[in-house]
Structure formats: C-alpha cells, structure tokens
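Let's take a walk through this protein together. Have the viewer ready, and we will go from the whole fold to single side chains.

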Amino acid sequence: MPDKPLTSRGAATRQRIVEVATREFAQYGIAGARIERIVVAARTNKAQLYGYFGSKEGLFDAVFLGSLERIMTVVPIDAADLAGWAVRLYDEYLRRPDLIRLATWARLERRPTGHLVDDANRLDDAKLRAITDAQTAGTVRSGDPFDLMALVIAMSMAWSPVSNVYAASDQEPAELHERRRALLRDSVQRVVTPD
C-alpha cells in the first residue's frame, strides 16, 4: 500500500485489480493465478500492482481478507437465530461462490490444518461473543462456541462450491433452493437448541 493517500484514479485502479484478482484467484488458486492475466484484465501494469500489494501473495492476502470482511458485513451473525444465519450464508455462497473458492485455495495452498488465517486476522471474536451470550441466555446449547460456529458454517456450506457431494448454482430452480433452505434451517435449529 502506498504511504500517501490514493487519488480517485489510483483508488479505481486498485479496486479493478482487486476485482480481477478475486476472479483469478478463485478460479486458479494462488499457484495457478497469473499476474500477467490480472494486469491485462485490470488495465494496469505490474509496477502498479506491486506498488499497491507488494507481491502476488500480498495481493492474495488483500483479496482473501477482503472477502472475509465482506462476508461478515453482508451476513452478520445473529446468535438468536443461528438457523437464519446459516440460510443467509447459503444464499451468499450462491451469489458469490468466489468467496468459498478463495477460502478453499487458502486451505489447500497455505494452511492445511488449524485456523484458516493468523489469529490477528480471524475476525470471529464478535461471532464467538454472540454465541457465548446466547449460551448464557439459555437460547443456544452448551459447548465450545468456536465448535458451534464451525458446525453451523459447515452446514451452510453443504451445497456450496466446495461440497464433495453436490455444488449448487444460482441458476437452479427457486423451489429447489427453498427446500434446501428449509432443511438447513430446521437442521441447524435442532443442532443448536438446548436439550
């Protein structure tokens, strides 16, 4: 990132790079992504890209961390309705399959075990606090808040682009998505409701 503020033209170029790189990394992963394709599609040059991001890895980090922040903003947790949260995540994966693909590439190419990002970049403190508060209020079952969060997220990804059974598409009939949403909502509710 440059030390001085970006001009409006510089900010637009940086945003084009991020948008193109998101598609490139989602499709090809970190190793398969090509800076040459990114700069051509973003209508810029390597010097500018490296000036903004430092390296290919720095560009991936910016894209990936941006996708994590985006999903938290677009689909904030509601611990009073974890089933609804799971359904909203399902819908976001239909709208933006690149978000899940980026996380999958990060898992495959960077962190095969443990947390997907460094502790400083985890961004799940608010989610864990919300689940803990719901547990204290007696509306969510006991258990490790992180494990409950991970389980709900995994359930929301059952038909995502990383499913090992079936990857859904926003092109499928609406009725099919409604059936999946109902099943997901009911299943998550059963899992998180206290005994």
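A helix axis here is a line fitted to C-alpha atoms over the stretch in contact, and angles between axes run from 0 to 180 degrees between N-to-C directions. Helices (H or I, at least four residues) and strands (E, at least two) are DSSP runs, numbered from the N terminus. Before using these terms, please note that this is a predicted model, where local features need pLDDT of at least 70, side-chain atom pairs count only at pLDDT 80 or more, and totals for chains, interfaces and linings use all residues. Residues are numbered from 1 along each chain as its sequence is written, and side-chain values use heavy atoms, with hydrogens and water left out.

Let's begin with the overall picture. The protein has nine helices and zero strands, which reads along the sequence as α-α-α-α-α-α-α-α-α. Taken along the principal axes, the C-alpha atoms fill a box of roughly 60 × 40 × 35 Å. The accessible surface comes to about 10900 Å², with 53% of it belonging to carbon and sulfur atoms; such areas come from the Shrake-Rupley method with a 1.4 Å probe, and for residues only the protein chains shown count as cover. Of the 195 residues, 37% count as buried, where buried means under 20% relative accessible area, exposed over 50%, and partly exposed in between (1.4 Å probe, protein chains only). If a contact means heavy atoms within 4.5 Å, then among contacts between residues at least 6 apart in sequence, 61% join residues at least 24 apart.

Now turn to one helix pair. The axes of α5 (residues 82-95) and α9 (residues 174-192) come within 8 Å and cross at roughly 145°. On the α5 side the contact is made by L82, A83, A86, V87, Y90, D91 and L94, and on the α9 side by H177, R180, R181, L184, R185, V188, Q189 and V192. By class, this contact has nine nonpolar, two polar and four charged residues, with Ala, Val, Leu, Ile, Met, Phe, Trp, Tyr, Cys and Pro counted as nonpolar, Asp, Glu, Lys and Arg as charged, and the others, Gly among them, as polar.

How many salt bridges are there? With a salt bridge taken as a side-chain nitrogen of Lys or Arg within 4 Å of a carboxyl oxygen of Asp or Glu, the count comes to 13. One of them involves R180 of the helix contact, whose side chain meets that of E172 at 2.8 Å, N to O. Both R180 and E172 are buried. Elsewhere, salt bridges that share partners join R70, E92 and R95 into one network.

Another salt bridge pairs R110 with D61 at 2.4 Å, N to O. This pair links distant parts of the chain, 49 residues apart, with R110 in the loop between α6 and α7 and D61 in helix α4 (residues 56-74). R110 counts as partly exposed because its relative accessibility is 35%, and D61 is partly exposed at 32%.

Finally, look at two backbone angles. Most residues other than glycine have a negative phi. R43, however, has a phi near 55° and is found in the loop between α2 (35-41) and α3 (46-53). Its relative accessibility is 61%, so R43 counts as exposed. L123 also has a positive phi, of about 60°, and lies in the loop between α6 (97-109) and α7 (125-136). At 32% relative accessibility, L123 counts as partly exposed.
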